[in-house]
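Trainee: I would like to go through this model with you pair by pair, with the cut-offs stated as we go. Could we begin once the structure is on the screen?

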Amino acid sequence: MNVVGLAPFRPKDVLGLAATYTRFSDDFVDANRVAGTPVTSREAIVELTYQAVITPFLTLQPDLQLVFDANQSRRDAVCVRGPAHRRF
């Protein structure tokens, strides 16, 4: 889901929220366990991002991902990144 122009003074900015849930097949889980790989039967991800248009040629877009019950680790994970995009 995206919301464009959340604030009247930032009409080109975009706020985004996404979520996904994956359930892995029993065959996949069994094969990984036989191979000795720690694996879960499911994984859920929530992502939040904000794209800020600073100038016509510069955009910043910090991004946060939360991974719950991450596959092949059995632990939760957090991923934060903050790329800058420029146009010439």
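Trainee: Which residue does Arg-42 meet in a salt bridge?

Mentor: Before the answer, note that this is a predicted model, in which local features need pLDDT of at least 70 and side-chain atom pairs count only at pLDDT 80 or more, while totals for chains, interfaces and linings use all residues. Residues are numbered from 1 along each chain as its sequence is written, and side-chain values use heavy atoms, with hydrogens and water left out. A salt bridge requires a side-chain nitrogen of Lys or Arg within 4 Å of a carboxyl oxygen of Asp or Glu. At 3.6 Å from N to O, the partner that meets Arg-42 is Asp-69.

Trainee: How many residues apart are Arg-42 and Asp-69, and where do they lie?

Mentor: Strands here are DSSP runs of E with at least two residues, numbered from the N terminus. Arg-42 belongs to strand β3 (residues 42–55), whereas Asp-69 sits in the loop between β5 (63–68) and β6 (77–81). The pair thus links distant parts of the chain, with a separation of 27 residues.

Trainee: Is Asp-63, which forms a salt bridge with Arg-81, buried or exposed?

Mentor: The closest N and O atoms of Asp-63 and Arg-81 are 3.7 Å apart, and the pair joins strand β5 to strand β6 across 18 residues. Relative accessible area decides the class: under 20% is buried, over 50% exposed, and in between partly exposed (1.4 Å probe, protein chains only). Arg-81, at 45%, is partly exposed. With a relative accessible area of 4%, Asp-63 is buried.

Trainee: How many salt bridges does a search of the whole structure find?

Mentor: Besides the two pairs already discussed, the side chains of Asp-26 and Arg-23 meet at 3.4 Å, N to O. Arg-23 counts as exposed because its relative accessibility is 54%. The search of the whole structure gives a total of four.

Trainee: What is the geometry class of the pair formed by the rings of Phe-24 and Phe-28?

Mentor: Rings of Phe, Tyr and Trp (its six-membered ring) pair if their centres lie within 6.5 Å, and planes under 30 degrees apart count as stacked, over 60 as edge-to-face and the rest as tilted. The structure holds one such aromatic pair. Phe-24 is buried at 16% relative accessibility, while Phe-28 is partly exposed at 31%. Since the ring centres are 5.3 Å apart and the planes stand at 35°, the class is tilted.

Trainee: Which residue in β3 is the bridge partner of Val-14?

Mentor: Two strands pair if DSSP finds at least two bridges between them. Strand β1 (residues 2–4) is joined to the antiparallel strand β2 (residues 14–23) by three bridges, with Asn-2 partnered by Gly-16 in β2. β2 and β3 also pair in the antiparallel sense, over 10 bridges. In β3, the partner of Val-14 is Gln-51.

Notes: Helix = DSSP H or I, 4+ residues; strand = E, 2+ residues; numbered from the N terminus.
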